[in-house]
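User: Could you walk me through the sheet and the salt bridges in this model?

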Amino acid sequence: MKQTTRHQKIIDIVQKNGYVSTEDLVEQFQVSPQTIRRDLNELANENKIRRHHGGATTPQSSVNTSYNTRKVMQLHEKDSIAKAIVKYIPNGATLFIDIGTTPESIARELVKGHKDLRVVTNNINAATILMGNEDFKVILAGGEVRNKDGGIVGEATLDFIKQFRLDFGILGISGIDYDGSLLDFDYHEVRVKKAIIENSRSVYLAVDHTKFGRNAMVKLGNIAELDMLITDLPPPEEIVVLLKEHNIPFEVAPSTS
């Protein structure tokens, strides 16, 4: 395959999936890792992709990948993270569950075996999942419903969240910069996430490996505000250093695939 053809196919894959690993590209195109790294570097220099730890992502920092696309991305990874995180949620706990596809995977895992949970969420999809367990009490935040993903945001949502003080806040995120900045795409969603952080006794961040080094335009906060990070592959060294510096435990979930 000609280099120009391969470059265009790489761009198409990144635009469709939001992220692609070097390993996957090597397997797909049957070329050496050095060739793929050279391809990615050239595309990054042309601002057609953004180099990422172990792969590439889109160059955009203002628009997230669509919800329907994100739902089918890293499914096994999200399941692994969900199985790992629910071990830390005891029966009888109170918790917030955030907007996002990874928090929805966590909701599915909680339904399977937990009892007597009280859950506050601004995620209609998560609320629907949690209703499957008759032993749960699910409290849905008020506010503006986003058609694109079933998230609820706005001033009413903020006021609602601030009424509570819960045991756990379960968050998803769009990106973690190498300086520890927690990043997302939507200002209104970020305000709700901040309220969840402020009103949770412990904050757990569930994030798959594609989010490390990923760019997004709105800063939510810093990794130092977390109580635990759970992911599916070892974080980049820069992130590990920050986690250790702030005494934040992290867990790499075993694969379920």
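Analyst: What follows covers a sheet with its helices, and then a few salt bridges.

User: What should I know before reading the numbers?

Analyst: This is a predicted model, in which local features need pLDDT of at least 70 and side-chain atom pairs count only at pLDDT 80 or more, while totals for chains, interfaces and linings use all residues. Residues are numbered from 1 along each chain as its sequence is written, and side-chain values use heavy atoms, with hydrogens and water left out.

User: OK, in what order do the three strands of the open sheet run?

Analyst: The order is E1-E3-E2, with antiparallel pairing; strands are DSSP runs of E with at least two residues, and helices are runs of H or I with at least four, numbered from the N terminus, and two strands pair if DSSP finds at least two bridges between them. The edges are E1 (19-21) and E2 (50-52), each of which pairs on one side only.

User: And how do E2 and E3 pair?

Analyst: E2 and E3 (residues 55-57) are joined in the antiparallel sense over three bridges, and Thr57 in E3 is the bridge partner of Arg50.

User: Which helix packs on E2 and E3?

Analyst: That is helix H3 (residues 33-45), which touches both strands and whose direction makes about 140° with that of E2; contact means heavy atoms within 4.5 Å, and axes are lines fitted to C-alpha atoms, for helices over the stretch in contact, with angles from 0 to 180 degrees between N-to-C directions. Helix H2 (residues 22-29) lies across E1 and E3, running at about 70° to E1.

User: Switching topic, how many salt bridges are there?

Analyst: The structure holds 15, where a salt bridge is a side-chain nitrogen of Lys or Arg within 4 Å of a carboxyl oxygen of Asp or Glu.

User: Which residue does Lys87 meet, and where are the two in the chain?

Analyst: Lys87 meets Glu251 at 3.5 Å, N to O. Lys87 is in the loop between helix H5 (75-85) and strand E4 (94-97), whereas Glu251 is in strand E15 (residues 250-252), 164 residues apart.

User: Is Lys87 buried or exposed?

Analyst: Lys87 counts as exposed because its relative accessibility is 60%, while Glu251, at 14%, counts as buried; buried means under 20% relative accessible area, exposed over 50%, and partly exposed in between (1.4 Å probe, protein chains only).

User: What about Arg146 and Asp149, how far apart are their closest N and O atoms?

Analyst: In that salt bridge they are 2.6 Å apart. Salt bridges that share partners join Asp98, Arg146, Asp149, Asp184, Asp186, Glu189 and Lys193 into one network. Arg146 is buried at 10%, and Asp149 is buried at 7%.
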